[in-house]
Amino acid sequence: MSIISIGIDLINIKRFKKLIFRYGIKIPNKILSEKELYEYKNTYYKDKFLATRFTAKEAAAKAIGIGIYKKMFLKNCEIINNIYGKPKLNIFGYAGIILKKLKTKKIFLSITDSRKYVQSIVILEK
């Protein structure tokens with residue numbers, strides 16, 4: 001097995017607090033999948049939730065080599081957590097086709113956060 005590529009992203013959570021205040025539900029509707037939207041509506045720290053999902057998707061887009069607004073990438077990429085809280089990326093649509101072309105066997109996702117920032121890294125493995 002070998003690494004195909006790596007993507008990383010860092011964001012200030014305050015940025016999403018401002019976006020939610022200014023645009024309301026429009027922002028989560030653009031960024032989140034249906035499953036993520038359901039989880040978002042039931043979470044208390046909405047700004048941190050959005051920042052976490054966005055950084056993971058941005059890191060994934062960088063690793064895959066496409067833009068986040070290409071072919072509905074944000075909606076076709078979702079982050080789910082297992083019962084222990086470990087995040088996992090599910091990628092569909094156009095980005096999924098590219099992953100197959102890259103012969104991706106495994107996707108690693110790690111997310112870390114503090115009060116101010118969220119950072120994500122995605123590693124694609126052959």
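Leaving aside neighbours within four places in sequence, T55 is in contact with D9, L10, I11, V118, Q119 and S120, where contact means heavy atoms within 4.5 Å. This is a predicted model, in which local features need pLDDT of at least 70, side-chain atom pairs count only at pLDDT 80 or more, and totals for chains, interfaces and linings use all residues. Residues are numbered from 1 along each chain as its sequence is written, and side-chain values use heavy atoms, with hydrogens and water left out.

**T55 and helix 4**

- T55 lies in helix 4; helices are DSSP runs of H or I with at least four residues, strands are runs of E with at least two, and both are numbered from the N terminus.
- With a relative accessible area of 0%, T55 is buried; buried means under 20% relative accessible area, exposed over 50%, and partly exposed in between, using a 1.4 Å probe and protein chains only.
- Helix 4 has 19 residues and reaches 27 Å from its first C-alpha to its last, close to the 27 Å expected at 1.5 Å a residue; the expected span is 1.5 Å times one less than the number of residues.
- G65 follows helix 4 and has a positive phi, near 95°.

**The annotated pair, D9 and E58**

- An unreviewed UniProt entry lists D9 and E58 under "binding site".
- These two residues are spread over 50 residues of sequence, yet they cluster in space, with a largest C-alpha distance of 6.3 Å.
- The UniProt positions are in the numbering used here, feature names are shortened, and annotations may be inferred rather than shown by experiment.
- D9 sits in strand 1 (residues 3-12), and its 12% relative accessibility makes it count as buried.
- Not counting residues up to four places away in sequence, D9 touches F54, T55, E58, A59, K62, V118, Q119 and S120.
- The side chains of D9 and K62 are joined by a polar contact of 3.2 Å; such a contact is a pair of N or O atoms within 3.5 Å, and within protein one must be able to donate a hydrogen and the other to accept it, while residues adjacent in sequence count only if both atoms are side-chain atoms.
- E58 belongs to helix 4 (residues 46-64) and also counts as buried, at 18% relative accessibility.
- With residues up to four places away in sequence not counted, E58 touches D9 and I68.

**Aromatic rings**

- Three aromatic pairs turn up in a search of the whole structure; rings of Phe, Tyr and Trp (its six-membered ring) pair if their centres lie within 6.5 Å, and planes under 30 degrees apart count as stacked, over 60 as edge-to-face and the rest as tilted.
- The ring centres of Y40 and F49 are 6.0 Å apart and the planes are at 50°, so this pair is tilted.
- Y40 and F49 are both buried.
- For Y44 and Y45, the ring centres are 4.9 Å apart and the planes at 90°, so the pair is edge-to-face.
- Y44 is exposed, at 70% relative accessible area, and Y45 counts as exposed at 55%.
- K46 places its charged end over the ring of Y40, 4.9 Å from the centre; this requires NZ of Lys or CZ of Arg within 6 Å of the ring centre and within 35 degrees of the ring normal.

**The ends of helix 1**

- N12 caps the N-terminal end of helix 1 (residues 13-23), with a side-chain oxygen 2.9 Å from the backbone nitrogen of K14.
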